[in-house]
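Here are some notes for a colleague who is opening this structure for the first time. Please keep the model in view while reading the points below.

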Amino acid sequence: MSEPRVRRAEIAIEQAHVDTVYTRLAELRAQAEAMRTKGYEIGHGAGREAIFEQASMLFERDMMVYHANQTLQTLDAEYEGLVFGRLDHLDNEHIYVGRLGIRDAEFDNLVTDWRAPAAAAFYQATAEEPMDVVRRRVIRCSGQNVLDVDDDVLIADAVPENMQIVGEGALMAALGRSRGEKMRDIVATIQKEQDEVIRAPWRGVTEITGGPGTGKTAVALHRAAYLLYRHRRQLGGAGVLVIGPSGVFTSYISRVLPSMGETNVELRALGEVLDGLEATRQDPAPLAAIKGSLRMRKILLRALRDTPEDAPEDMKIVYRGEVLRLNARELDKVRRKVHTAGGPPNRSRIRAAELLLDALAAKAEQHAKDDGRQIDKAELITELGERIEFHRFLVVWWPVLYPAQILRWLGTEKRLASAAKGLLNRNEISMLAADFADRSRGWTIADVALLDELRVLIGPPPKRRKGRQSIEVNPERGGAPTRPEHYDEYSHVVVDESQDLSPMQWRMVGRRGKYASWTVVGDPVQSSWPDPAEAAMARDQAFGLKTTRRRFTLRTNYRNSAEIFDLAAKVVAGHAEADELPRAVRQTGITPEVRPVEASGLEAATQAAVKEMMGVVEGTVGVITAMDRVPEVEGWLAELSDERLKVVGSLDSKGLEYDAVVLVEPNDLITESSTGRRVLYVALTRATQQLTVLASNPDWIPAA
């Protein structure tokens, strides 16, 4: 039989099984919908039954609706084919591998979840260690339709006469496919080195390092899905937090985990970690370096202990015809005593009141001594402590503090200079004060960590108690958990692009993961943080007392063609050792194009290059430029509106990938960052197929 006929016959075989799976999927969905309907009916018409019995019925309803919604979310999560693999074993048994496990009405297995132990051989088996697998088949589907199959033979001398073998390798085919706006899962093409990371033990800290295109992010997300599947009881209730570098990035990865049936995962960009705030603006590199340093914690601590701007400078109160007065110096002494005692200021007002009353009593005792009299100190404190004028003074002199308020105080250069004495130089103080004084464009991503630090240092403002803070389930919202503000009990935390986190950001992230296990993803060569030693210290503190640490290094670049990566490696060669760079395994024969342009002609050159790329590739086209130039370049391309076209700044491009990239003015990327060529290296490695660089200055390419 000819190859095309064999392939068609094998596709038909797999299509028959896929049809059976989807028929069963429809049955399971109908059952879940029926359960949800029944759940909503429970509790209606309860009449005047006993309160306890009615509450029991409502609880039963809520749980039934919750579980039904969870089931429906799981069944609806699949896309681009529920079934993607098949394993044929030596004992003639075969299993199908897919995004979720499905059994038929007799409980026979139709699909094995890719995270189950029985599916591990799909990723781990090799010709050297076949794990009793004769044939491994990748099934490529679109929706419910089987498009193609591709086989690997792992035990050649055990292939039965009636077993047909087709295909030339699923991985390379997948790598050549065009990209969409969202990141795809890689469950069908996970490689052995990646699978070892995904299935590593859940406790402690798992670090994943590797260069561009090695699949670090995809592996970390699949690891989260695997851990939730294998350790649902330990991890599922508290939830998983995934932190990425930017909102652009979290949007890009947003469909990966839901596509594998995992919805109890929260995605946040660094600018969104603090509840109630969403910052997207990046600071210039010198300013970001100041805000991210651990020096800022000392500055913030000094600032919140300073006298509030509107606090009265003296206190006068009449006691039995005598005026008792505390001047600015005496009030400042009382304030220092309160802060020396420790504790958040927003929880220290009672202590402040006590010390103020002590100071007033001491003043009254001194006056009495001068006049040869005696006073009852306890009586004085009781009477003054009940006076309305005393409490009016107290709330102004010791006000409730808010994080944003304290950062705005530091917009006054004199106040900042006092708080930063011995920590910042004059130029740094001027730069930081000017930034805090101007909030017209909102907070920056680096500010979020400072606001979170202040939140903890000053303590929560007084508020009415709302009862026990617990995770509640709202059945009307499909079972989505609602968590208290500033939730810090996540069971697992994933941090991507970790090499860029500042020490202050590590402190912020560490608060959310104090009870969690960790998966930390990064590449030192791509770092944009200028002091890696300080960041490493803060990172280790964030991990706490967790002693189990394991480290994996991914060395194969699946994203870039070898031609594209060779150019990127040349740019970063002086800033990285050879063994720190991955190996690109795919060749396209298309060399990146470097186009010299005049600065005055950059707009026209960008438009021309983008139009050309849009016509060449079927997928996405990314235009990468310096952060402060993004609005300008977006304006150049406004008339080329197309959902496939994206303009991003250099820092926001981290973790993203496009079929084609037009890189505008590489020297701008070098000069805008304190780590220079590392940022350019990141931008050059975003393209999977084609790359064009527009440069008015050739200095960005190192001399041979």
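1. Contact here means heavy atoms within 4.5 Å, and helices (H or I, at least four residues) and strands (E, at least two) are DSSP runs numbered from the N terminus. The model is predicted, with local features needing pLDDT of at least 70 and side-chain atom pairs counting only at pLDDT 80 or more, while totals for chains, interfaces and linings use all residues. Residues are numbered from 1 along each chain as its sequence is written, and side-chain values use heavy atoms, with hydrogens and water left out.

2. Serine 527 sits in the loop that runs between β15 (517–522) and α21 (532–543), and serine 527 is buried, its relative accessible area being 9%. Leaving aside residues up to four places away in sequence, serine 527 touches Gln499, Asp500, Lys654, Thr675 and Arg678. A polar atom of the serine 527 side chain lies 3.2 Å from the backbone oxygen of glutamine 499.

3. An open sheet of six strands has the order β3-β4-β2-β1-β5-β6, with mixed pairing; its edge strands, β3 (102–103) and β6 (145–153), each pair on one side only. Strands pair if DSSP finds at least two bridges between them, and β1 (residues 83–89) pairs with β5 (residues 133–142) in the antiparallel sense over five bridges. Leucine 87 stands opposite arginine 136 in β5.

How values were computed: Buried < 20%, exposed > 50% of the residue type's maximum accessible area, 1.4 Å probe, protein only. Polar contact = N/O pair within 3.5 Å; in protein donor to acceptor, adjacent residues only side chain to side chain.
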